[in-house]
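Please look over the sequence and the three-dimensional structure shown here, and then read the report that follows.

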Amino acid sequence: MQNRENFGSNTVAIMALAGSAIGLGNIWRFPYMVGEHGGAAFIVIYLLASLLLSLPIMMSETVIGRRSHSNTFGAMRSLAPGSKWHYLGLLTVISPLIILSYYSVVGGWSIDYLLRSLTGSFLNKDASLLSAEFAGAISSPLKPIIFQTVFLLACALVVSAGVKSGIERFNKLTIPLLFVLILAIMIYSLTLPGAMRGVEYLVKPDFSKITPSTVSYAVGQSFFSLSLGVGTVLTYSSYIGKRENILMSGLGTTVFDLLFALIAGFAIMPAVFAAGIEPGAGPGLIFETLPFIFSSMGEATPILSSVVAVLFFVTICVAALTSAISMYEVGVAYLVEEKGVGRKKAVWLLFAGIWALGALCSLSFGALSGVKLFGLTIFNFCDTLTSNFLMMFGALLFVLFAGWKMKKGDVRDEFSNGGKFKFNDAVFGTFYFLLKYVAPVGMVMIFVTNFIGS
Ligand code: PHE
């Protein structure tokens with residue numbers, strides 16, 4: 001592939017992969033999941049799921065991406081020529097674009113709320129008023145689409161600047177910033193009176209809440225959070241240079257993502273409990289509950305609480321952007337490398353499609369709320385289709401590809417950079433066993449549990 005760019009170093013590659021991983025999944029989904037499914041007990045299951053299933057899947061995508069130095073479709077074609085595997089390549093061009101369309105709607109809400117926090121609009125409002133404002137904000141026909149457009153435009157600008165000058169530069173700048181911001185919010189949150197109940201909520205194991213489906217929730221959360229099964233990890237890994245140690249890239253990304261999720265949990269839940277409210281699910285937590293907290297804290301310390309509110313919504317916007325950019329790049333890499341379209345043109349072609357589907361998702365909270373696909377609104381349909389099915393399916397196929405289609409020697413060669421990195425045979429042996437047997441069997445079991453459960 002002529003003129004293909006690579007990330008400048010492995011550290012930068014880890015930042016980009018962590019940028020993809022750290023997103024809305026860490027900030028609102030993780031803390032809520034932990035609380036609902038047994039606190040610390042869920043965290044233990046989540047850690048095991050990340051180690052036994054997610055890490056082998058992440059490494060499968062990394063191996064395929066770096067070995068082929070190609071987009072998802074080209075990777076399958078070059079590593080399994082003449083086979084049907086390129087359909088997996090195509091599927092994983094489409095699924096991140098569907099995620100991006102509804103993700104950009106939530107990204108748009110974040111920009112809206114960032115602007116509201118800048119004007120101090122949460123101060124001195126009660127919970128029901130803020131809930132009504134949120135319902136009004138997302139169901140209005142035009143405003144959310146304008147914010148969604150702004151969010152997508154920001155992604156488009158970064159992606160069109162290229163792998164090094166766009167994606168690399170943006171992540172290098174924002175990932176350290178995200179950690180500083182979330183740590184600052186955590187410190188503020190932990191100093192609020194009554195914060196310890198929130199800490200308890202996160203760390204106290206409640207085994208009565210552990211059911212067979214807890215495992216599938218933990219796995220689903222881990223996949224979504226690490227951006228697995230939709231080709232983003234593969235595409236970013238295809239920009240990792242031949243000399244880098246990809247085991248480090250995979251491990252580094254997993255550790256950063258987990259750390260961020262835990263810090264976000266300790267930033268959000270103590271504040272929720274300090275305000276004396278029960279944590280709610282989904283977008284409501286960040287767009288209704290937290291504004292209420294910021295406004296109620298604001299009575300005593302209006303300036304500090306306003307600053308924290310602004311920092312919080314900056315964090316959400318930036319985290320959502322770095323994830324959205326990775327989804328965008330999958331489609332762009334495909335169009336550029338497989339269809340010979342120029343990068344800028346590819347960006348704008350995709351923009352049109354993502355924007356249109358995103359606008360439909362946005363309208364499904366208002367004018368199109370009556371339009372249902374399989375009983376779900378357009379937004380929920382896109383979410384369910386991707387997180388419950390396409391992501392899982394893609395992840396299973398990637399791991400089968402690396403474990404059963406690729407030769408063991410080739411996988412080993414990628415891990416060790418042609419024998420340059422000497423590592424214990426037992427380390428590779430264990431890892432390969434996870435990749436070849438444990439991850440696929442585990443995935444099939446999750447599928448079965450999900451089907452029985454649904
Ligand atoms: N990992 C991202 C998050 O936690 C979401 C994501 C999914 C990003 C799939 C890229 C691909 O929000």
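## The largest cavity

In this predicted model, the largest cavity has a volume of about 130 Å³. Its lining is made up of 17 residues, and the ones closest to the centre of the cavity are Ser20, Phe224, Ser227, Ser323 and Met327. Two or more lining residues come from each of the elements α1 (10-21), α2 (24-36), α5, α10 and α14 (302-339).

When the residues that line the largest cavity are sorted by class, eight are nonpolar and nine are polar, while no charged residues are found there. A search of the whole structure finds three cavities of 30 Å³ or more.

## The second largest pocket

The second largest pocket holds about 280 Å³ of space. It is lined by 14 residues, of which Leu53, Val215, Val219, Met445 and Ile446 are the closest to its centre. Helices α3 (40-68), α10 (212-225) and α18 (425-453) each contribute at least two residues to the lining of this pocket.

The lining of the second largest pocket contains 11 nonpolar residues and three polar ones, with no charged residues.

## How α5 and α7 pack

Helix α5, which covers residues 86-118, packs against helix α7, which covers residues 143-160, at an angle of about 105°, and the axes of the two helices lie 7 Å apart. Because angles from 65 to 115 degrees count as roughly perpendicular, α5 and α7 are described as roughly perpendicular to each other.

On the α5 side, the residues in this contact are Leu100, Ser104, Val105, Gly107, Gly108, Trp109, Ile111, Asp112, Leu115 and Arg116, and they meet Lys143, Pro144, Phe147, Gln148, Val150, Phe151 and Leu152 of α7. Taken by class, the residues of the contact of α5 with α7 comprise 10 nonpolar, four polar and three charged.

## The chain as a whole

The protein chain contains 18 helices and zero strands. Its radius of gyration is 21 Å, which is close to the 22 Å that the globule rule gives for 454 residues, so the chain is as compact as a globular protein of that length. Along its principal axes, the C-alpha trace of the protein chain spans about 65 × 50 × 45 Å.

Terms used. Residues numbered from 1 in each chain as written. Predicted model: local features only at pLDDT ≥ 70, side-chain atom pairs only at ≥ 80, totals over all residues. Heavy atoms only, no water. 1 Å grid on protein atoms, 1.4 Å probe; cavity = no way out; pocket = protein on both sides within 12 Å on 5 of 7 lines; lining within 4 Å. Points joined across faces, edges and corners; volume = space filled by probe spheres on them. Helix = DSSP H or I, 4+ residues; strand = E, 2+ residues; numbered from the N terminus. Nonpolar A, V, L, I, M, F, W, Y, C, P; charged D, E, K, R; others polar. Axes fitted to C-alpha atoms, helices over the stretch in contact; angles between N-to-C directions. Parallel < 35°, antiparallel > 145°, perpendicular 65-115°, else oblique. Contact = heavy atoms within 4.5 Å. Rg over C-alpha atoms; globule rule 2.2 N^0.38 Å.
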